[in-house]
Amino acid sequence: MVTQNRLNGVDVDRLVATVQAIQADPNLARFRFRAHTDWVSGGNAKTRIQGFYGAGQEDTSRATPFTLEGDEPPVLLGTNRGPNAVEAVLHALASCLAVGFIYNAAAQGIKVEALEFDLEGDLDLQGFLGLSDRVRPGYEGIRVRYRVKADAPREKIVELCDYVQKTSPVLDIIRNPVPVKVVLEG
């Protein structure tokens, strides 16, 4: 009979094995994620995400693509078919922080019963609309509040969250400039 060491829904033995495999061969840590987006109408667009390259090979585990739909609210001339792009950024940040928190808690033997995030981002449309060169088109600031119910003291939870912030890919993307190249094809 095989037993798994599971905590917070995470297979801790596989997590440890993954870390050890990457320590032995750092090339396994290289990933390339992809997305394809089609404009639908107005502010509405649909993105398909399926395959990616990682752990030294093309991943084909997703039989069908994930579809994400984005739109704008009516006040911004959209039809509310999905969250707008800057709202999707808040989702990506919260999702990334949650994964990092839960995986690292599991690795440290901390049982988490509940974890919640509330995010707010402030944006001035003058930048997006090209009305001001002094106003950036993106978020001016993002605030994240979290609540956690776990079997660890508050100091340990704060220490864990500090570590998660240092290792979160999405938080890093938001905090630090990432080179982006946009090219017209055809």
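In this predicted model, Val75 counts as exposed because its relative accessibility is 74%. Val75 sits in the loop that runs between β8 (66–70) and α2 (85–107). Together with Leu76, Leu123, Leu125, Phe128, Leu129 and Leu131, Val75 makes a nonpolar surface patch of about 700 Å².

Asn84 is also found in the loop between β8 and α2, but Asn84 is buried, with a relative accessible area of 8%. Leaving out residues up to four places away in sequence, Asn84 touches Asp71, Glu72, Pro73 and Leu76. One of these residues, Leu76, is a member of the nonpolar patch.

**The chain as a whole**

The protein chain has five helices and 10 strands. Its C-alpha trace spans about 60 × 40 × 30 Å along the principal axes. The chain holds 186 residues, of which 21% count as buried. The accessible surface comes to about 13800 Å², and carbon and sulfur atoms account for 54% of that area. Among the contacts with a separation of 6 or more, 47% are between residues 24 or more positions apart. The chain carries 21 positive and 24 negative charges, whose mean positions are 2 Å apart.

**Salt bridges**

The count comes to nine salt bridges.

| Positive residue | Negative residue | N to O distance |
| Lys149 | Glu113 | 3.6 Å |
| Arg147 | Glu116 | 2.8 Å |
| Arg143 | Asp122 | 2.6 Å |

Lys149 forms a salt bridge with Glu113. Lys149 lies in strand β10 (residues 141–150) and Glu113 in strand β9 (residues 112–122), so this pair ties together parts that are 36 residues apart in sequence. Glu113 counts as exposed, at 55% relative accessibility.

Glu116 and Arg147 meet through their side chains in a salt bridge. Glu116 lies in strand β9 and Arg147 in strand β10, so the pair ties together parts that are 31 residues apart in sequence. Both are partly exposed: Glu116 has 42% relative accessibility, and Arg147 has 38%.

The side chains of Arg143 and Asp122 meet in a salt bridge as well. Arg143 belongs to strand β10 and Asp122 to strand β9, so parts that are 21 residues apart in sequence are tied together by the pair. Arg143 is partly exposed at 38% relative accessibility, and Asp122 is partly exposed at 35%.

How values were computed:
Residues are numbered from 1 along each chain as its sequence is written. This is a predicted model: local features need pLDDT of at least 70, side-chain atom pairs count only at pLDDT 80 or more; totals for chains, interfaces and linings use all residues. Side-chain values use heavy atoms; hydrogens and water are left out. Patches are made of residues with over 30% relative accessible area and no salt bridge: like charges are joined within 9 Å, nonpolar side chains (Val, Leu, Ile, Met, Phe, Trp, Tyr) within 5 Å. Accessible areas come from the Shrake-Rupley method with a 1.4 Å probe; for residues, only the protein chains shown count as cover. A salt bridge is a side-chain nitrogen of Lys or Arg within 4 Å of a carboxyl oxygen of Asp or Glu. Helices (H or I, at least four residues) and strands (E, at least two) are DSSP runs, numbered from the N terminus. Buried means under 20% relative accessible area, exposed over 50%, partly exposed in between (1.4 Å probe, protein chains only). Contact means heavy atoms within 4.5 Å. Lys and Arg count as positive and Asp and Glu as negative; His and the chain ends are not counted. The place of a charge is taken as NZ of Lys, CZ of Arg, CG of Asp or CD of Glu.
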